[in-house]
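Keep the sequence and the 3D view open side by side.

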Amino acid sequence: MQRSFVIVLFVFLCSLISCKRNEIAPCQFRLNQLLIGDTSKITVTYEGDTIVQVRDKSANNFGGIYRFDQHKNLRFYGFFIDSNKYYYSEVFDSKGNLLEKEGVPLVAFEVFKKGRDTVLFVGSLFSLNKSYDSLEIITNRNDTIRPEFLYKSDFYSNTKEFYVKLSSLTSLKELIFFVRGAVINTCTGQEEIFRDTVSFEDTRVL
């Protein structure tokens, strides 16, 4: 009888340990992770000795802005298109749980001329605590592009980029991208489908 009790107790303890290991820990993002991972892409704003804001080094207030609490935990991220308006945002609690998000994580396109009628489009996806799958771009010219790889962005912090190259393209004014993909929250495992429509009428070609 004593042996049976020991076996039952052992199984019960193992179950407790297993359950604890399977709990999903919040993915708290701290200021030092940003400073270490993307130092060359960001600029820091201080008030006295306190960091109040970190933002991407980009022109015309375009790019990501981070706000941290007094414990240096990320509480807000927004990808801004000017000094007051953001295209995408996320809000976190003090433990790093995502409370709310607004917009689509496809935050930007850079456009480069690669020949007389060839253009390279570089799309940027916000990648903090995220992975992506099944990315597809269909144009109103009936092009279909399915990027297989994402690369660490050269332009913005915590973003991954993909490339779309189109030839026989003489004007951007009427071009439209219909973008679809799956975004996976790497903290919770939750998967969502996102869609976006992108036009390039006022886009500057680099």
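Helices (H or I, at least four residues) and strands (E, at least two) are DSSP runs, numbered from the N terminus. By that rule, Lys-160 lies in strand E12. This is a predicted model, in which local features need pLDDT of at least 70, side-chain atom pairs count only at pLDDT 80 or more, and totals for chains, interfaces and linings use all residues. Residues are numbered from 1 along each chain as its sequence is written, and side-chain values use heavy atoms, with hydrogens and water left out.

Start with Lys-160. The classes are buried, under 20% relative accessible area; exposed, over 50%; and partly exposed, in between (1.4 Å probe, protein chains only). Contact means heavy atoms within 4.5 Å. Setting aside residues up to four places away in sequence, Lys-160 touches Gly-123, Ser-124, Leu-125, Ser-127, Leu-150, Tyr-151, Lys-152 and Ser-153.

Strand E12 covers residues 159–166 and also holds Tyr-163. Tyr-163 counts as partly exposed because its relative accessibility is 36%. Together with Phe-149 and Tyr-151, Tyr-163 makes a nonpolar surface patch of about 330 Å². Patches are made of residues with over 30% relative accessible area and no salt bridge; like charges are joined within 9 Å, and nonpolar side chains (Val, Leu, Ile, Met, Phe, Trp, Tyr) within 5 Å. A salt bridge is a side-chain nitrogen of Lys or Arg within 4 Å of a carboxyl oxygen of Asp or Glu. Accessible areas come from the Shrake-Rupley method with a 1.4 Å probe, and for residues only the protein chains shown count as cover.

Now move to Lys-130. Lys-160 and Lys-130 are 30 residues apart along the chain, and their C-alpha atoms are separated by 9.9 Å. Lys-130 is found in strand E9. Its relative accessibility is 16%, so Lys-130 counts as buried. Beyond its neighbours within four places in sequence, Lys-130 is in contact with Tyr-88, Glu-90, Val-183, Ile-184 and Thr-186. A polar atom of the Lys-130 side chain lies 3.1 Å from the backbone oxygen of Leu-128.

Where does E9 sit in its sheet? Four strands form an open sheet in the order E10-E9-E13-E14, with antiparallel pairing. Its edge strands, E10 (144–145) and E14 (191–199), each pair on one side only. Two strands pair if DSSP finds at least two bridges between them. E9 and E13 (residues 176–185) pair over 8 bridges. Asn-185 in E13 is the bridge partner of Lys-130.

The backbone around here deserves a look. Most residues other than glycine have a negative phi. Asn-129, in the loop between strand E8 (119–126) and strand E9 (130–139), has a positive phi of about 60°. Ser-134 lies in E9, and its phi is near 55°, also a positive value.

Finish at Lys-41. Lys-41 is found in the loop between helix H2 (31–37) and strand E1 (42–47). Lys-41 counts as buried because its relative accessibility is 11%. Which backbone oxygen does the side chain of Lys-41 reach? That of Ser-153, at 2.4 Å. Apart from residues up to four places away in sequence, Lys-41 touches Arg-55, Asp-56, Lys-57, Lys-152, Ser-153, Asp-154, Tyr-156 and Ser-157.

Technical notes
A polar contact is a pair of N or O atoms within 3.5 Å; within protein, one must be able to donate a hydrogen and the other to accept it, and residues adjacent in sequence count only if both atoms are side-chain atoms.
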